[in-house]
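Open the model in your viewer and keep the selection tool at hand. This tour goes stop by stop.

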Amino acid sequence: MGTANKKSIFSGVKPSGDLHLGNYLGALSQWAPLQEEYNCIFCVVDLHAITVKQDPELLNQRIIEITKHYLASGIDPAKSIIFQQSAVTAHAELAWLLNCTARIADLNKMTQFKEKAGKNQETVSVGLYDYPVLMAADILLYNTEIVPVGEDQVQHVELARELAKRFNHQFGETFIIPAAKVRKEGARIMGLDNPTKKMGKSDTASSNYIAMLDNPSMAAKKIMRAATDSEATIKYDKENKPGISNLLTIYSILFNAKIDSIEKKYAGKGYGEFKKDLAVLVENFLVDYQKRFNSYSNDDIIGLLKSHAEKVRPIAEKTLTEAKQKIGLRL
Ligand code: AMP
Ligand code: TRP
């Protein structure tokens with residue numbers, strides 16, 4: 001852990017809502033394989049979760065739950081750091097410093113805010129609007145070079161790059177310039193009921209997504225019922241065949257198979273057969289995943305989060321102190 005000559009990776013997921021297959025395929029499944037080659041830090045971004053209303057008791061449980069998802073996805077706490085954002089106060093403090101570098105025009109460009117706030121732009125929290133600046137602070141505190149995320153977060157990582165460059169330009173070299181890393185396929189997993197919209201957990205019917213903690217046989221049924229087109233050839237064509245292309249992507253990542261080899265395997269076969277096989281694969285995958293998820297006790301998780309927060313705090317403090325010095329805040 002923390003080897004000097006390795007590049008650093010940082011990513012995180014909000015402890016709100018059920019973690020779904022889109023989160024897993026787009027983000028978490030990318031993380032575990034990176035642990036050997038990089039210094040990895042994975043954060044449970046609870047300060048991001050409270051940008052919308054949360055029930056305190058539930059939020060507490062979800063912080064523990066997300067950590068279990070990290071472990072079930074193969075993050076090894078002996079190799080990587082897993083910690084809770086609010087346990088390291090430097091995140092909120094650097095966010096404030098970066099707020100004074102960010103411009104209103106930067107935040108007005110953010111499409112996620114527009115989508116989330118919708119017609120309620122005047123009544124949502126200031127935190128929701130400022131969310132990307134806090135995310136920039138998360139990333140920049142740890143000299144991060146690579147940020148593995150789903151496609152919907154790329155614009156936020158671009159903002160972190162922009163803020164880092166602007167700060168460095170104004171105050172001198174302080175931050176490393178990070179870059180997003182997205183999967184070639186799978187950066188945007190689509191809804192099962194409507195493959196033209198991304199899989200998501202809010203404002204959608206449960207037939208839209210597979211939660212990682214769904215009953216595995218129910219999840220298999222969702223695959224069987226997934227929307228597909230009427231031309232029953234198993235061919236990857238995102239434009240014209242978004243439903244089957246989405247299922248091919250899911251198959252390809254979960255079972256580490258190339259899309260063209262899956263197409264070959266099912267040449268001349270119908271959707272029914274392909275879906276049945278994928279449904280079994282998804283069901284078995286979830287059974288194993290949930291076995292791992294359930295093998296951790298809450299006490300283990302709390303202990304892990306606390307001890308790893310101690311490990312990252314000095315890294316964050318060092319960057320924060322340097323930024324404050326550059327600005328002229330430290331005597
Ligand atoms: P969130 O739940 O918003 O904290 O998202 C956690 C991670 O999942 C982020 O890296 C997102 O980009 C990723 N993600 C969310 N939805 C999808 C999706 N439908 N397809 C691929 N990645 C996704
Ligand atoms: N905003 C991200 C999301 O909604 C979560 C996040 C917060 C994050 N801070 C981050 C992801 C830093 C990568 C790096 O998914």
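The stops below cover a ligand site and then a cavity.

**Stop 1: ligand 2.** This is a predicted model. Select ligand 2 and show the residues around it. There are 13 of them, and Lys14, Tyr131, Met135, Asp138 and Gln153 come nearest. By class, seven are nonpolar, four polar and two charged.

**Stop 2: the polar contacts.** Which atoms of ligand 2 face the side chains of Lys14, Tyr131 and Gln153? Start with Lys14: an N or O atom of its side chain is 2.9 Å from an oxygen atom of ligand 2. Go to Tyr131, where a polar side-chain atom lies 2.6 Å from a ligand oxygen. Finish at Gln153, which places a polar side-chain atom 3.0 Å from a nitrogen atom of ligand 2. Ligand 2 alone exposes 360 Å², and the protein buries 93% of that.

**Stop 3: the pocket.** Ligand 2 takes up the space of the largest pocket. Color strand E1 (8-13) and helix H7 (126-140), the elements that each give two or more residues to the shell around ligand 2. H7 gives the most, with four residues.

**Stop 4: the cavity.** How many cavities of 30 Å³ or more does the structure hold? One. The largest cavity has about 40 Å³ of space. Select its lining: Gln112, Phe113, Lys116, Leu128, Tyr131, Pro132 and His156. Helix H6 (111-117) and H7 are the elements that give two or more residues to this lining. Its residues divide into four nonpolar, two polar and one charged.

How values were computed:
Residues are numbered from 1 along each chain as its sequence is written. Chains are lettered from A and ligands numbered from 1 in the order in which they are written. This is a predicted model: local features need pLDDT of at least 70, side-chain atom pairs count only at pLDDT 80 or more; totals for chains, interfaces and linings use all residues. Side-chain values use heavy atoms; hydrogens and water are left out. A residue is near a molecule or strand if one of its heavy atoms lies within 4 Å of it. A polar contact is a pair of N or O atoms within 3.5 Å; within protein, one must be able to donate a hydrogen and the other to accept it, and residues adjacent in sequence count only if both atoms are side-chain atoms. Accessible areas come from the Shrake-Rupley method with a 1.4 Å probe; for residues, only the protein chains shown count as cover. On a 1 Å grid over the protein atoms alone, a cavity is a set of points where a 1.4 Å probe fits but cannot get out, and a pocket is an open set with protein on both sides within 12 Å along at least five of seven lines; lining residues have an atom within 4 Å of a point. A molecule sits in a cavity or pocket if more than half of its atoms lie within 2 Å of its grid points. Ala, Val, Leu, Ile, Met, Phe, Trp, Tyr, Cys and Pro count as nonpolar, Asp, Glu, Lys and Arg as charged, and the others, Gly among them, as polar. Grid points are joined across faces, edges and corners, and a volume is the space filled by probe spheres set on the points.
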